[in-house]
Amino acid sequence: MSTLSLLPLLPILGALVILLVPAAYSAAWRGIALGMTGVNLLVATTIFFTFHVGIGGYQMVANHAWVPAIGLNYHVGVDGLSVGLLLVGALVSFAATWVSSEIKSHERFFYVLLLVISGGVLGSLISLDLFFLYFFNELALVPTFLMIGIWGRGADRSAIAFQITLYLSLGALVALVGLIGLYALSGANTLDVVTLAAWLKTHPLPASTQTVLFGLLLFGFGTLVGLWPFHSWAPAGYAAAPTATAMMHAGILKKVGAFALLRAAFPLLPEGVAQWTRILAILCLGNILYCGWVAMRQRNLNLLFGNSSLAHMGFVFLGLASVSLIGITGAVLIMVAHALLASLEYALSGHIYRETGHLELDRMGGLMRRMPFIGAALVAAMLAGCGVPGFASFAGELAVMFGVWPTLPAFVVAAAFGGLLIGGIYMLRGIRQVAHGPDVGTTGGDVPCWTGRIPYLVLLVPLILFGVAPYVLVDRIRPSAALVVERALLKPSPAAPAAPAVAAAPAH
Amino acid sequence: MNSSLLAIEFLVVVLGLGILLADLWIPSGARRGLAYAAATGLLLVLTLHGGALAPGDDTAFGGMFLVDALANYFKTLFIVATIAVLLISSGYADRLDGYGEYVALTLFALAGMLLAASANDFILMFVALELVTVTFYVLVSFQRRRQSSLEAGVKYLIFGALAAAFMVYGIALIFGSANTTNFYEIASRQAELGKSPVFVIGLLLTLVGLGFKISAFPFQMWTPDVYQGAPVPTTAFLATGSKAAGFVLLLRLAYSVVPEVMARWSHLLLGFAMATMLYGSFAALAQRSVKRLMGYSSIANAGYLLLGIGATNVTGSTAILYFLSGYVFTTLAAFAVISRVTVQDDNDDISVFAGLGNRSPLLAAAMTLALVSLAGIPPLAGFFGKFYLFKAALLQVPTSPLFLVAVLIACVSVVLSLYYYFNIIRVMYWPAQDAVDRPVTVPMAVGISLAACLAGILVVGIFPSGVIGLAHEAVAGLGTPAPEMHVQAHHAAAH
């Protein structure tokens with residue numbers, strides 16, 4: 001068994017153990033959850049640092065037949081696209097479990113659901129068989145519904161729980177149709193990306209089929225990421241979810257959709273890439289500009305974070321749409337950075353909500369005085385959110401802009417720069433409103449002891465470290481991104497601009 | 001003639017008669033024991049079916065009765081479903097006057113299903129289905145003191161008679177044009193017969209009859225009323241055994257008897273499939289009666305299964321077998337919970353589920369698993385079944401883009417179904433003010449059947465390999481032309 005399999009296995013085992021622990025030992029529930037996510041964090045860190053830098057292919061591969069009759073395998077492996085996400089996925093799981101001490105009812109059930117989400121998301125990141133990628137990702141659906149409904153916030157959380165569940169399932173099902181289409185029509189009778197890639201090289205699908213399948217995957221997985229105009233589930237859903245759920249969702253689950261596009265759609269369907277990237281480039285401006293604009297008008301801290309996270313996803317899509325080495329590397333970098341950033345934001349807002357009982361910006365102010373640690377972390381997170389150098393998100397956004405410049409039309413580039421400006425406006429205004437200014441008589445206090453600070457620090461410190469030394473990530477991402485670009489541009493259609501080919505040159 | 005092939009059917013009928021006799025001596029308080037005895041007997045039959053009595057592929061009664069891998073697969077499924085239904089019904093015995101007869105009739109219905117799985121002739125098919133349907137008339141209206149149960153029985157009687165009339169008329173036309181009712185003989189002449197309008201109309205009318213059985217749109221109107229009115233164990237049996245009996249015959253017709261005609265009708269079948277799933281899902285949205293909701297859900301599921309019939313490829317038939325296996329476990333688990341939660345006040349309004357997460361966490365978790373599997377979410381059986389059916393349909397996309405449309409419509413239906421399934425989960429878990437704080441009792445027999453069904457959902461879902469292997473073997477013989485010697489033998493036997 002590969003070390004990788006531990007990542008989904010440990011949390012799910014932990015969930016089963018928690019189910020069996022009798023209520024008399026209820027303190028053990030949280031202990032087991034923390035222990036499992038903690039061990040998982042160690043495993044992920046080991047994987048991150050033992051990963052062989054400079055290799056584009058899959059490492060630590062394990063392959064077991066699951067349903068041999070129809071060509072489905074439990075095939076796992078890690079490459080540059082997933083190694084960083086695995087690390088932050090484990091980090092976010094650990095931090096989310098830690099902050100869940102706020103849960104006071106049905107704790108057993110809560111930790112079981114949280115561990116199932118964690119195991120599922122890590123499982124989908126290591127899957128090289130697209131069936132399992134989908135399978136693991138869907139494990140989060142029911143827990144999300146239950147968590148928002150049982151422990152969520154706000155009177156309308158029931159409606160929101162339904163909205164997020166139905167929206168995400170529709171997206172997932174559309175993606176599933178795309179995946180099954182790939183499975184059924186390629187003739188390879190497998191959903192294993194390695195086999196499929198080799199097969200499709202010699203037996204390419206007709207261009208029209210590729211276009212349809214790519215469209216299904218793009219809008220299906222895109223919905224899971226919050227691609228405009230299929231994004232409206234996200235801010236409301238995160239605002240209604242309990243802290244840990246919002247952290248897992250905004251932090252890492254959301255990235256799985258974009259990750260799946262990089263795993264499946266881009267390398268396997270080059271004709272589809274040629275047809276759809278222009279449209280993707282326009283749609284992602286919807287995220288960057290429209291969602292950014294909406295974020296400016298928000299008067300609730302969580303809705304502000306939710307919309308700003310959609311704007312960041314716009315940059316991820318922009319990087320994908322550039323189909324260039326530096327653009328895709330940047331996109332993965334943003335995914336990693338934003339996982340830390342978004343979960344940090346929701347962890348902080350969770351603390352503020354717990355202490356003050358609301359997240360209305362108009363009733364906030366001077367938080368820095370009452371909660372110096374939380375306030376400082378919040379300022380750091382919000383600065384990272386508007387792309388200040390020194391945080392990992394800056395490196396990613398910069399790389400995406402470099403990638404976009406030569407490959408996409410000038411107005412897209414200009415609009416993306418405008419998006420950066422918008423991000424600066426709402427984040428700085430948010431900082432002024434929440435952290436500084438007169439104390440409006442908020443109640444509540446800071447994190448009382450140093451142990452309480454751990455979940456925030458395990459998210460904030462890597463965000464800064466990766467910002468100072470982005471090469472740690474870039475060196476790992478680059479060779480794998482180069483393979484994606486190479487395959488995505490395998491057969492440039494005559495209509496496609498000549499520029500991407502130039503941009504892809506360093507890949508060879 | 002080789003009547004030893006009917007050993008299983010024979011044993012089941014004898015068991016039923018034995019129960020009827022024993023009923024005369026058993027005091028009314030101990031009638032539950034009859035269900036346990038019947039279930040144990042069936043367990044024995046199941047072991048024999050898999051072991052000592054496992055018959056090789058052969059025919060009996062002049063080619064009317066056929067034993068092959070497909071028949072054996074479905075027979076296993078029917079017996080398993082009946083055991084679970086009997087155990088569920090044992091917890092319901094107080095509400096069923098003359099419970100011994102209920103058990104015996106359930107066994108007779110099972111005998112009809114077993115015959116249907118082996119039917120190789122339109123006549124036997126009709127007789128088998130009538131045996132199932134006629135016993136169900138009684139099983140549906142078994143709660144004689146409850147008006148809704150009687151009403152459901154009358155409705156089922158009227159619609160069942162109508163369906164039988166359609167089917168028998170269709171069979172007459174088929175016989176008139178083909179001069180035979182044997183499946184093998186028709187299969188060998190399907191190219192010529194497919195051109196005869198009389199034959200085609202006859203076939204269509206037969207399909208209408210089967211459409212009633214599987215509750216496909218537009219022949220579904222009896223389903224919600226009957227599901228709601230019938231006693232819960234009967235509803236569970238209707239949703240699993242009776243539906244699967246319709247599907248085994250549909251499979252045989254579509255894949256073995258007249259595959260060429262069916263391939264021509266793939267658009268028609270897809271149309272029925274799309275209408276069925278949309279109708280079922282849209283109508284279920286507004287339901288408050290859980291049994292009625294399960295009725296509409298059963299319609300929607302018939303729609304997904306029809307996708308597999310429309311696909312007319314091996315993946316489609318395998319997928320139908322797999323899906324039905326998972327569906328039987330899932331539906332029975334759901335009905336086992338429903339039977340316990342609704343039994344106290346004989347009320348199946350969704351509000352009786354309020355607060356079940358606190359009142360009985362295990363039952364609530366079991367119901368959640370069943371509903372999540374019905375909704376088709378990994379890692380449970382329902383997900384892989386839909387995955388497989390969708391694949392079967394998408395394999396046909398090169399022949400017609402309508403298959404892609406049908407699969408996308410199925411996705412819409414699945415999302416709608418998430419709403420009504422998750423609505424029950426919401427009622428069970430969301431903090432509720434008006435929840436009755438009354439614990440739900442689960443008798444041991446019901447608990448065993450529930451646990452077995454849940455294990456089935458999980459095992460079939462997480463390790464589909466075994467069931468798929470069996471399903472593959474079961475459908476392998478479908479569509480291959482009838483062995484020549486058999487056809488000859490039937491002629492000899494007929495004259």
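## A buried spot in a loop

Let's start with A:Ala241, which sits in the loop between H10 and H11 of chain A. (Helices here are DSSP runs of H or I with at least four residues, strands are runs of E with at least two, and both are numbered from the N terminus.) A:Ala241 counts as buried because it has 29 C-beta neighbours inside 10 Å. The cut-offs are these: a residue is buried with 20 or more other C-beta atoms within 10 Å of its own, exposed with 12 or fewer, and partly exposed in between, with the C-beta atoms placed from the backbone.

What does A:Ala241 touch, leaving out residues up to four places away in sequence? The list is A:Met147, A:Ile148, A:Gly152, A:Ala246 and A:His249. Contact means that the C-beta atoms of two residues, placed from the backbone, lie within 7 Å. A:Ile160 is 81 residues away from A:Ala241 along the chain, yet their C-alpha atoms are separated by 9.1 Å.

## How to read this model

The model is predicted, so local features need pLDDT of at least 70 and side-chain atom pairs count only at pLDDT 80 or more, while totals for chains, interfaces and linings use all residues. Residues are numbered from 1 along each chain as its sequence is written, and chains are lettered from A and ligands numbered from 1 in the order in which they are written.

## An enclosed helix in chain A

Now for helix H10 of chain A, residues 233-240. Of its 8 residues, 7 are buried, so H10(A) is largely enclosed by the rest of the structure. Those buried residues are A:Trp233, A:Ala234, A:Pro235, A:Gly237, A:Tyr238, A:Ala239 and A:Ala240. They pack against helix H6 (141-151), helix H7 (157-185), H11, helix H13 (301-322) and H14 of chain A.

## Two helix pairs in chain A

Helix H3 (residues 80-99) and helix H11 (residues 243-268) of chain A have axes that come within 8 Å and cross at roughly 165°. That makes H3(A) roughly antiparallel to H11(A); angles over 145 degrees get that label, those under 35 are roughly parallel, 65 to 115 roughly perpendicular and the rest oblique. Axes are lines fitted to C-alpha atoms, for helices over the stretch in contact, and angles run from 0 to 180 degrees between N-to-C directions. H3(A) passes H11(A) in a left-handed crossing, meaning that the near helix is turned anticlockwise from the far one by less than a right angle (clockwise would be right-handed). Among the residues making the contact are A:Leu85, A:Val88 and A:Val92 of H3(A) and A:Met247, A:Met248 and A:Ile252 of H11(A). The contact residues divide into 13 nonpolar, 5 polar and 1 charged. (Ala, Val, Leu, Ile, Met, Phe, Trp, Tyr, Cys and Pro count as nonpolar, Asp, Glu, Lys and Arg as charged, and the others, Gly among them, as polar.)

H14(A) also packs with helix H16 (residues 372-385) of chain A, at an angle of about 145° and with the axes 10 Å apart. Their crossing is left-handed. Including A:Leu341, A:Leu344 and A:Glu345, residues of H14(A) meet residues of H16(A) such as A:Ile374, A:Ala377 and A:Leu378.

## The nonpolar core

How many residues does the largest nonpolar core have? It has 413, and A:Leu86, B:Ala116 and B:Ala333 have the most contacts inside it. (A nonpolar core is a set of buried Ala, Val, Leu, Ile, Met, Phe, Trp, Tyr and Cys residues joined through C-beta atoms within 7 Å.) Helix H14 of chain A, residues 325-356, gives the largest share of this core, 20 residues.

Leaving aside neighbours within four places in sequence, B:Ala333 is in contact with B:Ala366, B:Ala370, B:Leu450, B:Cys453, B:Leu454 and B:Ile457.

## Where the chains meet

Between the two chains, 26 residues of chain B are in contact with 28 residues of chain A. On the chain B side, H19(B) gives the largest share, 10 residues. That side divides into 21 nonpolar, 3 polar and 2 charged residues.

## Loop details in chain B

Two peptide bonds here are cis: B:Phe217 to B:Pro218, with omega near 0°, and B:Pro378 to B:Pro379, with omega near 5°.

B:Asn179 isn't a glycine, but its phi is positive, about 65°. B:Asn179 is exposed, with 10 other C-beta atoms within 10 Å. B:Thr312 isn't a glycine either, and has a positive phi of about 40°; with 22 C-beta neighbours inside 10 Å, B:Thr312 counts as buried.
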